[in-house]
Amino acid sequence: MVMASTVKVVLGSTAFGIFWILAVFPSFPFLPVGRTAGSLLGAMLMVLFRVITPDQAYAAIDLPSLGLLFATMVVSVYLERADMFKYLGKLLSWKSKGAKDLLCRICVISAISSAFFTNDTCCVVLTEFVLKIARQHNLPPHPFLLALASSANIGSAATPIGNPQNLVIAVQSKIPFGEFLVGVLPAMLIGIVVNALLLLCMYWRVLSTQKDEEDATSEVVGDEDVVSHRFSPATMSHLSSINSQEWNSRLEAISMQGSPNMNGTVPHVDVTFRNRTSSAESEIHRVSSGGFESGRISNVSKEGINDGFSPKMEETAPSRRVASMDRVSEELSTQVSEEKENLTTKWKRMLWKLCVYIVTIGMLVALLLGLNLSWTALTAALALVVLDFRDARPCLEKVSYSLLIFFCGMFITVDGFNKTGIPSNFWNLMEPHSKINHVSGIAVLAIVILLMSNLASNVPTVLLLGGRVAASAAAISPSHEKKAWLILAWVSTVAGNLSLLGSAANLIVCEQARRAPHLGYTLSFWNHLKFGVPSTLIVTAIGLTVIR
């Protein structure tokens, strides 16, 4: 492509530069408006500077990618409500055999879950689980947080729905879900093993020793806290059930109060239940005391002792006792009906959760069969909305619409930057050295993708290079075109592990860990970098050898 006019190149580069600064540094001191507003500002400047026309700007928005991204977020929200991620959290601590076993579990679980539920969602819901388990076992959190973030990035490379850049690649390349999975899965599996081994080697001594005594005196987290997660909206508030022994005790007390003994007195029944402050308890005590009082009055009247009680009072006391017993019986019957309703609600919820899992599995099967990615995911999302049979607004409000708007602005901004001719001329310079039918060409292409993914972020890199890399590979053979797309997906995803700013998943883990109540931990940039650099280079290189 020929370079555009000098004015258009300068203005287009300025608009893209503003977008890039705000995307990489959302809290930029001179304009702290954030990533979403930064992408919209870049898109607006492209139109105002007449780098592209308004019609071209609208045409640049990739609706299938937005539809697929929206649908996967909706499905993830309903899976969270169905306790999917709580069960994954339980797997982390189930029969754990120590710190090293726990670290390997985190690598495996985060990789698998991120492949099907996106890496960002995985990191949002599992970060606090990891912190709580580390605190419970009195272990330093940073090896486990690194395992979560890095494995989530590696695992998400395996499927088109694992991360945003794969969504774009899948839509643009039209590679079926199954072929995409088969092409990248071996690299992902090997990458997870290598990443776990690197973590074990680097933190072997830390994982083999306890924390300092000062840290050891901190609060230990119980098992109940480990499996309860504040980000899960699916935790149900339920009444504590009354066991059969308590029911029998209550009914026995009532029967004893209703039948006098041989002497005509009703024995005093002391009915107490631990940790019970319900109205039924107070009524039972009232009945028992009333029974005792009425028995005493009856004996006094039989012995002919006149203590000044009028006949009216003698008649009123038993009637009050009967009325109290009626109220207690009514309350007990109400509690029985409530228990039945709670049991019915429990079964309905279990059935609903089963339907959510079936719909999700059906969506994955449909994707494996090669059906349209975005429409299949949208169908599954709407099926979950209908099955929920309630107002969908609370669930839809959990969707990150700011991310969707960010993508809209980014599509327009990147398309405008492409119109300047700078990306095409850069690729023309690199293309002779990036032929993927040679090992050296694959290495050069991987280095270019790796650097650009960390400088311009992975999704803009895919938008800038995707079509050019695929066209260059298609000139060799159709199979090489598919391989080029898969290499782009693998390298741009794993490149996110290089630094803390390399991917959104890293930033999510860092922020979630820092803000966790009573568990806050700051994962520093340098702690991440000293592991991220060797891990990214080694995992990327090994994965490239098995991608087909």
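Mentor: Ground rules before the tour. This is a predicted model, where local features need pLDDT of at least 70, side-chain atom pairs count only at pLDDT 80 or more, and totals for chains, interfaces and linings use all residues. Residues are numbered from 1 along each chain as its sequence is written, and side-chain values use heavy atoms, with hydrogens and water left out.

Trainee: Okay. What does the largest nonpolar core look like, and which residues have the most contacts inside it?
Mentor: That core has 136 residues, and Phe144, Phe407 and Trp490 have the most contacts inside it. A nonpolar core here is a set of buried Ala, Val, Leu, Ile, Met, Phe, Trp, Tyr and Cys residues joined through side-chain atoms within 4.5 Å. Buried means under 20% relative accessible area, exposed means over 50%, and partly exposed lies in between (1.4 Å probe, protein chains only).

Trainee: Which helix gives the most to this core?
Mentor: α10, with 11 residues. Helices are DSSP runs of H or I, at least four residues, numbered from the N terminus.

Trainee: What does Phe407 touch?
Mentor: Leu66, Leu69, Pro164, Val168 and Val459, leaving out residues up to four places away in sequence. Contact means heavy atoms within 4.5 Å.

Trainee: Back to α10. Where does it bend?
Mentor: At Val184, by about 40°, and a proline, Pro186, follows within four residues. The bend is the angle between axes fitted to the seven residues ending there and the seven starting there.

Trainee: New topic. How many aromatic pairs are there?
Mentor: A search of the whole structure finds nine. One of them is Phe28 with Phe30: the centres are 5.6 Å apart and the planes at 55°, so the pair is tilted. Rings of Phe, Tyr and Trp (its six-membered ring) pair if their centres lie within 6.5 Å; planes under 30 degrees apart count as stacked, over 60 as edge-to-face and the rest as tilted.

Trainee: How exposed is Phe28?
Mentor: Phe28 is partly exposed, at 27% relative accessible area. Phe30 is exposed, at 73%. Another tilted pair is Tyr78 and Trp352, with centres 6.5 Å apart and planes at 55°. That pair links distant parts of the chain, 274 residues apart: Tyr78 is in helix α4 and Trp352 in helix α16. Tyr78 and Trp352 are both buried.

Trainee: Which residues do ring pairs link into a cluster?
Mentor: Phe16, Phe19, Phe406, Phe407, Phe411 and Phe417.

Trainee: Last thing. Which residues have a positive phi without being glycine?
Mentor: Lys174, at about 60°, and Phe389, at about 55°. Lys174 is in the loop between α9 and α10, and Phe389 is in the loop between α17 and α18. Lys174 is exposed, at 69% relative accessible area, and Phe389 is exposed too, at 77%.

Notes:
Helix = DSSP H or I, 4+ residues; strand = E, 2+ residues; numbered from the N terminus.
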